[in-house]
Amino acid sequence: MSTYVYGITASSHPSLPEGMEGVGKPARPVRILKEGSLAAIVSDAPEGLRPKRNDLLAHQNVLSEAGSAGPVLPMRFGNVAPDDGAVTSVLAERAEHYLERLATLEGKVEYNVKASHDEQAALHRVMADNPEVQSLAEANRQAGGGSYEQKLQLGEAVVAALQAREAEDAVELHRLLEPTAEAVSVGPESTGWLANLSLLVERDSPGAFLEAVEEARKAYPHIELRVNGPLPPYSFVEPGPSEPAGAASEPMGSHMGQE
């Protein structure tokens, strides 16, 4: 039977979540596979696994339980190896890399910050701060609303100014939050977000980071901030050396560090 992999940790981890309910329906019990100084948190892999809410939560819960007592290298949802032997083989061959990453992530958690504009507040700010937009708006007002061409010109200027403001706000938000984190990972661009930042923060002292978020909210009321965390440090699990030859080892690294 194929093996579902939740994460990798040290075999000396003080609280390995053996026996927890994992993914699948019925839920597969979590097992621990040890190889030297490393351990993999696994379960049997259900057939036809899909990213449904219950399974996503089960994956997250296993990692949260393990991560509460020590560093864990979290795997992305859906990481499956052909069997237990394939998992322990990769642990043995990549031990140096995994141990180095575990040491780096000791005592750290991830917070994700997504930022978007409050449309009305951002529009008011652009209208107040941009001389070109102000000039075009005033010309239209004096012309009784302006011609079609004038309205189109004003609309294009507003869109350009809002896009420029998004870019400026993304840079400023990064500048404000970066000093509070051990590392920052910039997530992929997506519609609806002007910034998508993951920050590696000390587990026991996130105060500086959380204070910086509140300062950003006060300083930039036209920006809406969504903070998620603490999370397992998905964004900071760097891919290791080339996978050993053979399909059996490939799934162990295929999702590490990827969004």
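1. Asp-44 is partly exposed, with a relative accessibility of 29%. Here buried means under 20% relative accessible area, exposed means over 50%, and partly exposed lies in between, using a 1.4 Å probe and protein chains only. Arg-31 is also partly exposed, at 23%. The side chains of Asp-44 and Arg-31 form a salt bridge, 3.0 Å from N to O. A salt bridge is counted when a side-chain nitrogen of Lys or Arg lies within 4 Å of a carboxyl oxygen of Asp or Glu. Asp-44 sits in strand β3 (residues 38–44) and Arg-31 in strand β2 (residues 31–35), so the pair links distant parts of the chain, 13 residues apart. Helices (H or I, at least four residues) and strands (E, at least two) are DSSP runs, numbered from the N terminus.

2. A note on the source. This is a predicted model, in which local features need pLDDT of at least 70 and side-chain atom pairs count only at pLDDT 80 or more, while totals for chains, interfaces and linings use all residues. Residues are numbered from 1 along each chain as its sequence is written, and side-chain values use heavy atoms, with hydrogens and water left out.

3. Other salt bridges. The count comes to eight salt bridges. Glu-202 pairs with Lys-108, and their closest N and O atoms are 3.6 Å apart. This pair also links distant parts of the chain: Glu-202 is in strand β8, Lys-108 is in strand β6, and 94 residues separate them. Glu-202 is partly exposed at 30%, whereas Lys-108 is buried at 12%.

4. A pair within one helix. Glu-168 and Arg-165 meet in a salt bridge, 3.7 Å from N to O. Both belong to helix α6 (residues 148–177); they are three residues apart, which means a separation of about one helical turn. An α-helix has 3.6 residues a turn, so residues three or four places apart point the same way. Glu-168 is partly exposed at 46%. Arg-165 is buried at 16%. Elsewhere, salt bridges with shared partners join Arg-31, Asp-44 and Asp-84 into one network.

5. The largest pocket. It holds about 500 Å³ of space. On a 1 Å grid over the protein atoms alone, a cavity is a set of points where a 1.4 Å probe fits but cannot get out, and a pocket is an open set with protein on both sides within 12 Å along at least five of seven lines; lining residues have an atom within 4 Å of a point. Grid points are joined across faces, edges and corners, and the volume is the space filled by probe spheres set on the points.

6. The lining of that pocket. The largest pocket is lined by 18 residues, and Gln-60, Arg-76, Asn-228, Leu-231 and Tyr-234 lie nearest its centre. At least two lining residues come from each of α1 (53–67), β6 (108–117), β8 (195–202) and β9 (223–231). Helix α1 gives the largest share, five residues. By class, the lining has five nonpolar, seven polar and six charged residues. Nonpolar covers Ala, Val, Leu, Ile, Met, Phe, Trp, Tyr, Cys and Pro; charged covers Asp, Glu, Lys and Arg; the others, Gly among them, are polar.

7. Helix α7. The 13 residues of α7 (residues 207–219) should span 18 Å at 1.5 Å a residue, and the end C-alpha atoms are 18 Å apart, which agrees. The expected span is 1.5 Å times one less than the number of residues. Phe-209, Ala-212, Val-213 and Ala-216 are buried in α7. They cover an arc of only 105 degrees around the axis, so they lie on the same side of α7. The arc is that of the directions from the helix axis to the C-beta atoms. Glu-211, Glu-215 and Lys-218 are exposed on the other side of α7.

8. Helix α5. Its 12 residues (131–142) should span 16 Å, and the end C-alpha atoms are 16 Å apart, in agreement. Val-133, Leu-136 and Asn-140 are buried in α5. These buried residues fall within an arc of 70 degrees, so they line one face of the helix. The face turned away from the buried side carries the exposed residues Pro-131, Arg-141 and Gln-142.

9. Cis peptide bonds. Most peptide bonds are trans. A cis bond joins Lys-25 and Pro-26, with omega about 5 degrees. Pro-26 is in the loop between β1 (3–10) and β2. A cis bond also joins Gly-229 and Pro-230, with omega about 5 degrees. Pro-230 lies in strand β9.
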